[in-house]
Amino acid sequence: MTAPLPRSRRTAVAATATAATAAAAAAPAGLLRRHHDFRMLWIGETANKYGSAVTGLALPLIAVSTLHASTLQVGLLGAAGWLPWLLIGLPTGVWVDRLRCRPIMLAATAVSLLLYATVPLAALAGVLTLWHLLAVALLAGAAGVFFQTAYTAYLPHLLEPADQPEGNAKLHGSASAAGIAGLGSGGLIAQLAGPVNGLLANTATFLLSLWCTARIGHRETGREQRPRRALGREIGEGLRLLASDVWFRTFALFGAASNLVLTGYQSLLVVFLIREVGVDEGTVGLLVALASTGGVLGAAVARRIAARLGTSRAMLLLELVLPALTVLIPLTGRGTGLAWYLLGGFGASCGVVAGNVIKSTFQQRYCPPELLGRLSASSAVLNFGSIPLGALLAGVLGTELGVRPAMWLMTVGVPLAALILWCSPMRRVRDLPTERRGPVCGSDVPVAAAACG
């Protein structure tokens, strides 16, 4: 990352960035595979996502099948993993902007590995309880806050702006593929050896993630020379940037509303498929894995759709139209009725992942570099902070109204949440902006630093 440029050079920088982007679009695909540090980040992140996918399925399966948890307790378990975003998300953004990202990612991965390893050990000793699962989900969620914030802020240091769209597409695509493999193998392991053994896969995957991240040769520079100010003041800079910019504000509000309802139906999914539809544990993993293939497709086509339609119009198509298919999920039944879940889940996965590819590239280019960690954390507090609320709400609705009526309420909310994008300036422009104009209100970041492209 270079130092902020004088105001007089902003036009030249923007033109250079545009030319570089065009050149990258014309260059052969797959050049980043020869970028050693990106390749290590890519493999490590894929391994991390695989382990997380196994855990995401294994924990509720353990709660339902081994500990015989209620619908509300399963909802609490889903909420625990995301609650740390509300508790520590904002200060984490400041710490990530102050410190180097790579050591944070290493420490967070190591903590997750140790925490998940305690579950099969406790089961082997006969002392596993729901409280243990809740504690593991909460603490591993806290580690995930640090990892996700550092990872988001690290990629622009590793890649040139022209390479970031390809990098984001590869990372999101491999994350979706790893999720599919993790869900499928997690369900198969749960069926053959019991749900608790599904967590054993985390040992190898998190170790691989640690090894790959440790082999990244790039070292960030200049962070030690940045002035340290009061924690509250630095948090305020990220919040003011989020509140004052219509694009950041729109994405944050949409993310919060969307995650509320997406998490709501997903937290009920295991209970719904096992107790309402009547499928076994292995079939649950297979169904979720098949539906998640939409994410791989979404990552593969996101850049092409954005190039053809424009980034703003592509976001509307991908986030408003495709995820609306989730309203078909409550129709799921035995036999051919399983197709309703596959169609709805595929559409949601495809739209959400493709939209995330476009949004990630936009944020990395548009945001002032010195504030990227704080912006990511401030947005994530809204985006991910609504996740435990969605899980709790779904658990309460499932207990009071029944699981299938609760699924109807949650899935209908998915297209309604996307109306936030439709009511924003997004429908009036072809492309999202690539350059911020004007300083951050109340910040020490100069105007020129806003030209991130």
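Modeller: With a term we will need: two residues are in contact when they have heavy atoms within 4.5 Å. Keep in mind that this is a predicted model.

Biologist: Which residues is Ser267 in contact with, leaving aside its neighbours within four places in sequence?

Modeller: Those residues are Val74, Ala391 and Ala394. Ser267 itself lies in helix α10.

Biologist: Is Ser267 buried or exposed?

Modeller: The cut-off for buried is under 20% relative accessible area. Ser267 has 14%, so this residue is buried. Its side chain has a polar atom 2.9 Å from the backbone oxygen of Gly264.

Biologist: How many helices and strands does the protein have?

Modeller: The count is 15 helices and 0 strands.

Biologist: Where does α10 bend?

Modeller: The bend is at Leu269 and comes to about 45°.

Biologist: How many residues of α10 are buried?

Modeller: The number is 23 of 32, so α10 is largely enclosed by the rest of the structure. For the protein, 54% of the 453 residues are buried.

Biologist: What does the accessible surface of the protein come to?

Modeller: The value is about 18300 Å², and carbon and sulfur atoms account for 67% of it.

Biologist: How do I read contacts between residues that are separated in sequence?

Modeller: Look at how many places lie between the partners. Among contacts joining residues at least 6 apart in sequence, 87% are between residues at least 24 apart. Take Thr205, in helix α8, residues 201–214. Thr205 and Ala47 are 158 residues apart along the chain, yet their C-alpha atoms are separated by 5.0 Å.

Biologist: What else is Thr205 in contact with, leaving aside its neighbours within four places in sequence?

Modeller: Besides Ala47, Thr205 is in contact with Tyr50 and Gly51. Thr205 has 10% relative accessibility, so this residue also counts as buried.

Key: Residues are numbered from 1 along each chain as its sequence is written. This is a predicted model: local features need pLDDT of at least 70, side-chain atom pairs count only at pLDDT 80 or more; totals for chains, interfaces and linings use all residues. Side-chain values use heavy atoms; hydrogens and water are left out. Helices (H or I, at least four residues) and strands (E, at least two) are DSSP runs, numbered from the N terminus. Buried means under 20% relative accessible area, exposed over 50%, partly exposed in between (1.4 Å probe, protein chains only). Accessible areas come from the Shrake-Rupley method with a 1.4 Å probe; for residues, only the protein chains shown count as cover. The bend at a residue is the angle between axes fitted to the seven residues ending there and the seven starting there. A polar contact is a pair of N or O atoms within 3.5 Å; within protein, one must be able to donate a hydrogen and the other to accept it, and residues adjacent in sequence count only if both atoms are side-chain atoms.
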